[in-house]
Amino acid sequence: MIIAIDGPAGSGKSTIAKLIAEDLGLVYLDTGAMYRLVTLKALNEGILGDFEKIKKMLDNLNIDIKENGFYLDNVDVSDEIRKPIVSENVSDIAAIREVREKMVDLQRKFSESKNVILDGRDIGTVVFPNANVKIFLVADAKERANRRYKELVKKGENVKIEEIYENILKRDEIDSTRKESPLKKAEDAIEVDTTSKNIEEVKNEILNIYSKYFICV
């Protein structure tokens, strides 16, 4: 069983995927966090913008996901990968072909022989084009920026909503126009607009889609 949830930054992919995983007893894989781990590694090594060094870094990349924690070089960096500096650079890292190839390979290996739900930007189009259910989440950019702002403020971050909004727009542009696995809706994906809906409403809408699909087949 594979459920793919794609969509732009801040559309609610991770939050919803976690809830669906709990309700259906699936393994949840946050693929966006995997790219954030690579971005944090590049930041720590001071090699952002140096494609050759980033490619070489992938040979000895040590990342892991366990018990809802994200590890880089055996250190829990679950909070660090959500910081604005990582968000500002993750789309550029994710646009590198070698990075995407490495992550897609890891995502497929992780999902072998498991019932999983994955969220990202190319799950239904590239990683698992034959996924059982494909969902494409969308939301107004200002609403997405507001959600991210509240999330970061709650964590004690000193951020400005205007900067977050600009970053959202920048990430949308990079993600949708990049050469490697651009963000786009799979032809057989069902679109769900989360702009004016709360988490529970979105979760129930996707569960209904899931139920209808399996009743039909």
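Biologist: Why is Ser 181 called buried rather than exposed?

Modeller: In this predicted model, Ser 181 has a relative accessible area of 17%, and the term buried applies under 20%, exposed over 50% and partly exposed in between, computed with a 1.4 Å probe on protein chains only, so Ser 181 counts as buried. Ser 181 is found in the loop between helix H8 (161-177) and strand E8 (190-193), where helices (H or I, at least four residues) and strands (E, at least two) are DSSP runs numbered from the N terminus. Its phi is near 50 degrees, a positive value in a residue other than glycine.

Biologist: What makes strand E6 (residues 116-120) mostly covered?

Modeller: In E6, 5 of its 5 residues are buried, with Val 116, Leu 118 and Gly 120 on one side and Ile 117 and Asp 119 on the other.

Biologist: How do you know that strand E1 (residues 2-6) pairs with E6?

Modeller: Pairing requires that DSSP finds at least two bridges between two strands, and 5 bridges join E1 to E6, which run parallel; strand E2 (residues 27-30) is also parallel to E6, joined by 4 bridges. Leu 118 of E6 is the bridge partner of Ala 4 and also of Leu 29.

Biologist: Why are the buried residues of helix H7 (residues 141-154) said to line one face?

Modeller: The buried residues are Ala 141, Arg 144, Ala 145, Arg 148 and Leu 152, and seen down the axis of H7 they fall within an arc of 100 degrees, so they line one face of the helix, the arc being that of the directions from the helix axis to the C-beta atoms. The face turned away from that buried side carries the exposed residues Lys 142, Lys 150 and Lys 154.

Notes:
Residues are numbered from 1 along each chain as its sequence is written. This is a predicted model: local features need pLDDT of at least 70, side-chain atom pairs count only at pLDDT 80 or more; totals for chains, interfaces and linings use all residues. Side-chain values use heavy atoms; hydrogens and water are left out.
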